[in-house]
Structures are given as structure tokens and as C-alpha cells.
Amino acid sequence: MAMRIDCDIHPAVGGTRTTLLPYLDDHWKEQVVSRAIDGLDLTSYPPGMALSGRPDWRPKDGKPGSDFEMVQRQALDGLGASHAICNVLYGAQAVYDPYMAAAFCKAINDWIAAEWLSRDPRLRASIMVPMQAPDLAIEEIERRAGDNRFVSILVLAQGETLLGRRHFWPVYQAAEKHKLPIAIHAGSQYRQAPSSIGWPSYRYEYYLAEAQAFQAQVLSLIYEGVFLKFPGLKAVLMESGISWLPAFMWRANKTWRGVRVEVPWIDREPAAIMRDHIRLTTQPFDSPPDAAGVADIIDQIGSDRMFLFASDYPHWQFDGDDAIPPHLPAGLVLKMCADNPLETFPRLNLAA
Ligand code: ZN
């Protein structure tokens, strides 16, 4: 079978007190029981929401993505993936207590390694880290770095502060050292309103407004100088959509030409830096409906190395069994399924 690496699937934690309890230390075992802590699902993806699980990908009982055999059958066999990267979306990334966040991130990483990665050699995972406390995030990266089945570091698109800020740099230093790209996935800690103007009334607005957050993160990483300091680092935008990128590149270039005196260390066009350091997963693919329109978008982005195949299983981004967006040229499909993921996630090559 040809290599097809799915860079974004979502196994789900069944329950805090059932799934995770064996992986928590004694203190947190006692805490989740005595405080009746359960259902720490990320508010951005409530399990019942249509986007969180395609109807035919929902198990009879439990959350979409929580049934191991079903994920094997549908996301791997059904969608033809030779490998898939598990990105667990869970409230551990959003709680305010940094110690609680660290304990739950550790439990989730131990759980996914023991109960998913060890049961299917096609699976890899991102390391979930508590970005609430960068020092604890680094501890978790170092704890997991010896296991090459972990191939990236998962952070949310909407966190407490912009990702380019210097207090996160030690995290990027660890990431670069261990060849782990930063996977920036849609989702919010809800410290700020999802839109830059304030709170929307509807989830639909929130989901669209996430593109603003991705744009802000890309600018922050570039202008703060993260990619100059860590030239080996890549950031993968996951579930960000794609069609906003060409206009954003043009605007970023034009503005940089006018005001680059403010950021003299940025010595080339921001779009060129994006082509070298930013990658995007291909579901949702919010492209024009015709082949010519899709060709235009790819041409305008100006790089076929930025695209990474992803199904986003079990999120409902498409119907049927073909997760490859329509109208993509065959050469690009080949690259985004194998060469590009292998370049972006170097540890895929190292894994046993
Ligand atoms: Zn996703």
C-alpha cells in the first residue's frame, strides 16, 4: 500500500474517572474522586456537536473517537491511512491550575502510548503539554522525547498569550532539539474572546473566527523572531482551513515592506518564511468548488511543501470515504501524503 500519513485524527478520552484514573498519580486519583471531576472535554469541541463527530463515525455508546476498534476500522482501514497522528483534544489544555494541567497531560500521554500506540504500529501521537506553565510543558516534552512514536507537540490555536512571546521560547528550544514540530490545533482555552472584537453568539461564528487566531499566531511566531532563533522549527496549523492563506501572505508582505523598520531582524518577505516554516493540514479544505479555482489557490500559496494530508477523523469535514479534497493535482496528493509529512515530522522516520 502506498504511504498515506494522516496528520490529524482525534482519539477521545472516554471518561476522566474511567479512562484516565489508572494513569493519574495518587494525589490526582484522590482529587478526581473526592471533587467528582469528570467530563473535562475541551469546550471548543463538545462531543454532541455535529462537527465533533460525523454521524456514521459515532459509536453507539460513548464519544466520537473513543472506540479503538472503530477508529482502526474507519480512520485507518476505511480511509486508507498507512499511518496516523493522534491529536487528543481535551480540557487538560484549558484548566487554570497548571499542576492539574500537567498531571492530566501526563496521564493522557501515558494513556495514548499504552492503549493506542502500543496496540497498532500505524499510530503515532502528538505530546499534549500544559502551555499554562512553559516549564512544566518542557518537563513533559523531556519525559516523552525518548519515545519516537511521539512526533509533535500539541498546542491550542487560542491560548493565554500569543505563541511567539519569549516566555514560550524554552519550549521551542526543546522542540527543535528533539525534532518535534509545534502542532497548533484549532481550539481555545477561552481566556480571550474567540473573535478579536468580542464574543460571538453562535458556535458557527467561533469556528470561522479561528482563522483570525491562526493568522495572529503565524504573525507572532514570525515577527517575534522565533524562526530566526530556532531555524529547525516548524509549526503545523491543524484544522485551520487553507483558503485564507494567499490573501494573508500578500497582505503580510505588503505591510512588511512598509513598516519593516520596526522589525529589522525580519530580512525577507513573511510569505517566504511561511513557506519554510508553516505547514497546514488539508481538512477542512475550504477551497473554491472547481479545479481551476483550486489550482489558483495552490499557485498563489506558491509552495507544494506546505500541505499535509489529514482526515480530521472523527470531525465532520466531508462525507464518504475519500479524505483527499477534490481537484488536487496527483503530484501534490502524493507529496502531501508522504514526502511532506516525513519532512515535517522527522521522527516518523525514526520510529520503530
Ligand atoms: Zn483536527
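At 48% relative accessibility, Ala-36 counts as partly exposed, a label for values between buried (under 20% relative accessible area) and exposed (over 50%), worked out with a 1.4 Å probe on protein chains only. Ala-36 sits in the loop between helix 2 (26-34) and helix 3 (68-78); helices here are DSSP runs of H or I with at least four residues, strands are runs of E with at least two, and both are numbered from the N terminus. Most residues other than glycine have a negative phi, and most peptide bonds are trans.

A word on where the values come from: this is a predicted model, in which local features need pLDDT of at least 70 and side-chain atom pairs count only at pLDDT 80 or more, while totals for chains, interfaces and linings use all residues. Residues are numbered from 1 along each chain as its sequence is written, and side-chain values use heavy atoms, with hydrogens and water left out.

Glu-239 also has a positive phi, of about 65°, without being a glycine. This residue is found in the loop between strand 6 and helix 9, and at 3% relative accessibility Glu-239 counts as buried.

Glu-239 turns up again at the metal. The zinc ion is coordinated by Asp-8 (OD), His-10 (NE2), His-185 (NE2), Glu-239 (OE) and Asp-312 (OD), at 2.1 to 2.2 Å. Donors are N, O and S atoms within 2.8 Å of the metal (3.2 Å for Na, K and Ca), and water is not among the atoms, so sites may look incomplete. Along the sequence, the spacing of the zinc donors reads D-x1-H-x174-H-x53-E-x72-D. Asp-8 lies in strand 1 (residues 5-9) and Glu-239 in the loop between strand 6 (235-238) and helix 9, so this pair ties together parts that are 231 residues apart in sequence. Both Asp-8 and Glu-239 are buried.

Next come the cis peptide bonds. One runs from Gln-283 to Pro-284, with omega near 0°, and Pro-284 lies in the loop between strand 7 (278-281) and helix 11. Another joins Tyr-313 to Pro-314, again with omega near 0°; Pro-314 is in the loop between strand 8 (307-308) and helix 12 (330-344).

Finally, the helix packing. Helix 9 (residues 245-259) and helix 11 (residues 291-301) pack at an angle of about 30°, with their axes 9 Å apart. Axes are lines fitted to C-alpha atoms, for helices over the stretch in contact, and angles run from 0 to 180 degrees between N-to-C directions. Helix 9 and helix 11 are therefore roughly parallel to each other, as angles under 35 degrees count as roughly parallel, over 145 as roughly antiparallel, 65 to 115 as roughly perpendicular and the rest as oblique. In this pair, Leu-245, Pro-246, Met-249 and Trp-250 of helix 9 meet Ile-297, Gln-300 and Ile-301 of helix 11, where contact means heavy atoms within 4.5 Å.

Helix 7 (residues 203-223) packs against helix 9 at an angle of about 40°, with the axes 12 Å apart. That makes helix 7 oblique to helix 9. Here Gln-215, Val-218, Leu-219 and Tyr-223 of helix 7 meet Phe-248, Ala-252 and Trp-256 of helix 9.
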